[in-house]
Amino acid sequence: MPMISATIPFTVKVNAAALGDEAWTQVSPDCYECEAAGLRVTVERRTFENTGAVRQINTITNTGSQDVLLSGFSSARIRTARGRIGVDRSRWVAEGQWQFFTPEQCGLVPASEHSWERETFRIDSVGSWSTGEFYPLTMVLADGVTYYMELEGAHNWRLVHSVFRGEQEPAYFLEGSSSDEENGGWTLTLAPGERYTAQPAVYGAVSGGFEAAVRELIAYKRAVSKTAFAGGVIPVVFNDYMNCLWGNPSDEKLLPLIDRAAEVGCEYFCIDAGWHKNASGRFGAAGDWIVANERFGEGGLQKIFDYMRKKGLKPGVWFELDTVHPDAAAAKLGDDCLLRRYGAPIPRYFFNFRSQKVREHLAGRIDALYAMGVRYIKNDYNQSTGIGCDNGGVSPAEGLIRNYEAFSDFIDSVRQKHPDLIMENCGSGACRADNGTLRHFHLQSTSDQELYYNYPSILTGSMPHHPPEKAGIWSYPYALLHHERAAEIAPDGFRARFADGEETIFNMVNGMCGVLYQSGHIDWADGYNLSLIKEGIAAYKRMRGDIVQSYPIFPDGTFLIGSRRIASAGLMTADGSKAYLAVWRIGAETDTAKIDVSRYGFSSASAWYPEKSDFALEDGVLTVKLPKAYSARMIRLEK
């Protein structure tokens with residue numbers, strides 16, 4: 001691992017002024033003191049097996065006799081080198097959009113002779129949608145070495161690239177912080193003897209490029225994950241929302257889907273939004289989580305769950321644990337049950353997870369559904385808090401950090417009580433998908449993207465975010481698009497749109513790149529497409545044992561939504577002996593993909609899905625025939 005150096009590996013601001021490096025004395029390898037300000041900082045650096053990534057946690061203590069108003073305390077600061085800077089724009093339905101810039105394009109130009117000169121380039125986020133605009137990860141690709149830094153937690157954050165010292169001796173740095181007045185108004189008064197621990201940062205430097213850095217990050221994220229699937233087996237889940245029921249379930253709509261999901265080989269069936277009501281009788285209003293049995297005919301929702309189990313499927317339901325409708329009874333659990341800012345509840349209402357009444361209420365609703373047979377919860381999160389909450393008399397930004405920590409602790413308590421309950425993290429697609437949150441969940445939704453041909457860009461660019469065994473990727477053959485859901489569509493005419501099977505294949509290939517998350521109106525599928533879905537799920541089950549110990553590969557790099565091109569991405573086993581490579585034709589004029597995989601050393605290839613594929617591997621170049629403008633194949637490569 002290349003060496004990482006920094007003078008002082010953090011920044012502290014007091015009364016809005018940064019304490020310079022010269023203010024600190026290093027009293028031990030991991031301890032620094034500022035006598036003038038009466039502060040001590042200890043730095044904990046943790047390393048992990050199979051990765052060079054370092055997790056840094058800083059703690060500051062007031063060693064003086066007076067209160068200190070902190071206005072900034074960063075999580076990590078490292079020295080890098082001059083190189084291209086990678087950032088990941090990751091907004092709703094367009095996650096994983098990596099872009100790379102020269103230092104000059106980022107304004108990192110040492111343009112004077114003054115040693116104190118500083119130019120910066122930053123990405124940041126304000127609010128609880130921690131990945132709603134950018135994913136909190138950045139890289140510097142410099143002369144064969146790639147530096148990276150990632151921040152964790154569903155709160156405000158900022159990553160800053162800097163160049164110091166002017167033209168004569170430029171020095172490049174990268175710093176991450178979740179506690180800074182300039183980023184969401186964070187402040188904290190530290191009384192004598194009190195201490196405060198910053199949110200963690202993860203960083204490293206690796207010989208090689210983007211792919212090498214991603215491998216280190218995935219290994220790290222596996223090491224710190226608090227969850228694992230029973231027996232290491234990734235589940236195949238059918239969810240009825242995306243391009244299917246769109247949150248409007250009923251017994252008439254669900255029963256045919258349950259039959260078909262069981263037939264094609266799914267193992268769980270999750271009823272998405274629409275299964276519940278609140279105490280006022282309002283359907284779909286979050287907070288009380290009362291079963292809307294009247295939606296599901298005689299026998300109610302229990303009848304649906306029982307039918308799922310009869311078909312060999314484990315039941316699941318959608319939640320949005322954080323939010324509560326104003327007319328829900330749960331909104332009045334107590335004065336401290338809601339997150340507040342400036343004396344009023346934050347609209348949309350959010351539960352305060354530091355409230356014991358809130359935790360008991362939500363745990364009780366989960367317990368009741370568990371008793372009904374639920375073994376899967378998809379937890380959604382469809383709006384940000386803004387800068388945060390001031391419950392407890394702290395700054396809103398600090399209040400948001402404390403609520404995130406309490407929420408994470410609640411999720412841990414649910415898993416501990418129900419160890420066979422799978423918990424999915426869905427942040428309105430992937431808007432709260434940081435690793436600090438994800439490490440408490442089994443599975444992460446990668447997007448709400450409903451156009452199958454846009455998904456390869458998202459899933460490829462999101463591969464650095466989540467280990468593949470946690471990355472839930474929608475596969476929705478027979479897609480009923482959002483604008484179509486109110487229309488009367490005759491099944492026969494609907495089937496004709498998908499007759500050649502290429503859209504089904506494309507969808508199944510997408511899902512095989514992580515956790516296959518099945519949806520779509522597969523109850524309307526014709527015989528040919530149904531056989532393709534069955535074949536795809538069977539192929540996925542044969543590869544999922546490899547997925548849990550695989551790493552992403554990017555023969556063509558990442559690419560942006562809207563690109564019309566041939567593209568590929570894959571999952572290679574830890575020992576490098578084999579890989580599963582998805583190859584897509586996304587509106588490209590050519591019907592022949594030529595992918596250079598020579599650097600991986602594979603000598604043979606076979607069709608993984610579908611079985612009837614036209615391909616060849618010769619001199620390290622994989623050639624795949626893709627018959628339609630939007631078509632895909634999955635190829636297995638071996639040494």
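**Close-up views of a predicted model**

**View 1. Helices α3 and α4 run roughly parallel to each other.** This is a predicted model. Helix α3 covers residues 251-264, and helix α4 covers residues 300-310. Their axes come within 10 Å and cross at roughly 10 degrees. An angle under 35 degrees counts as roughly parallel, and α3 and α4 are therefore described that way.

**View 2. Residues from both helices make the contact between α3 and α4.** From α3 come D251, L254, L255, I258 and D259. From α4 come K303, I304, Y307 and M308. Sorted by class, 6 residues in this contact are nonpolar and 3 are charged. No polar residues take part.

**View 3. Helix α6 is largely enclosed by the rest of the structure.** Helix α6 spans residues 396-417, a run of 22 residues. From first C-alpha to last, α6 reaches 31 Å. That is close to the 32 Å expected at 1.5 Å a residue. How many of the 22 residues of α6 are buried? The count is 16, so the helix is largely enclosed.

**View 4. V624 is a buried residue in strand β37.** The strand covers residues 621-625. The relative accessible area of V624 is 0%. Buried means under 20%, so V624 qualifies.

**View 5. V624 is in contact with residues beyond its sequence neighbours.** Set aside the neighbours within four places in sequence. V624 then contacts V583, D591, T592, A593, D614, F615, R633 and I635. Look also at R585, which lies 39 residues from V624 along the chain. The C-alpha atoms of R585 and V624 are separated by 9.9 Å.

Methods: Residues are numbered from 1 along each chain as its sequence is written. This is a predicted model: local features need pLDDT of at least 70, side-chain atom pairs count only at pLDDT 80 or more; totals for chains, interfaces and linings use all residues. Side-chain values use heavy atoms; hydrogens and water are left out. Axes are lines fitted to C-alpha atoms, for helices over the stretch in contact, and angles run from 0 to 180 degrees between N-to-C directions. Helices (H or I, at least four residues) and strands (E, at least two) are DSSP runs, numbered from the N terminus. Angles under 35 degrees count as roughly parallel, over 145 as roughly antiparallel, 65 to 115 as roughly perpendicular and the rest as oblique. Contact means heavy atoms within 4.5 Å. Ala, Val, Leu, Ile, Met, Phe, Trp, Tyr, Cys and Pro count as nonpolar, Asp, Glu, Lys and Arg as charged, and the others, Gly among them, as polar. The expected span of a helix is 1.5 Å times one less than its number of residues. Buried means under 20% relative accessible area, exposed over 50%, partly exposed in between (1.4 Å probe, protein chains only).
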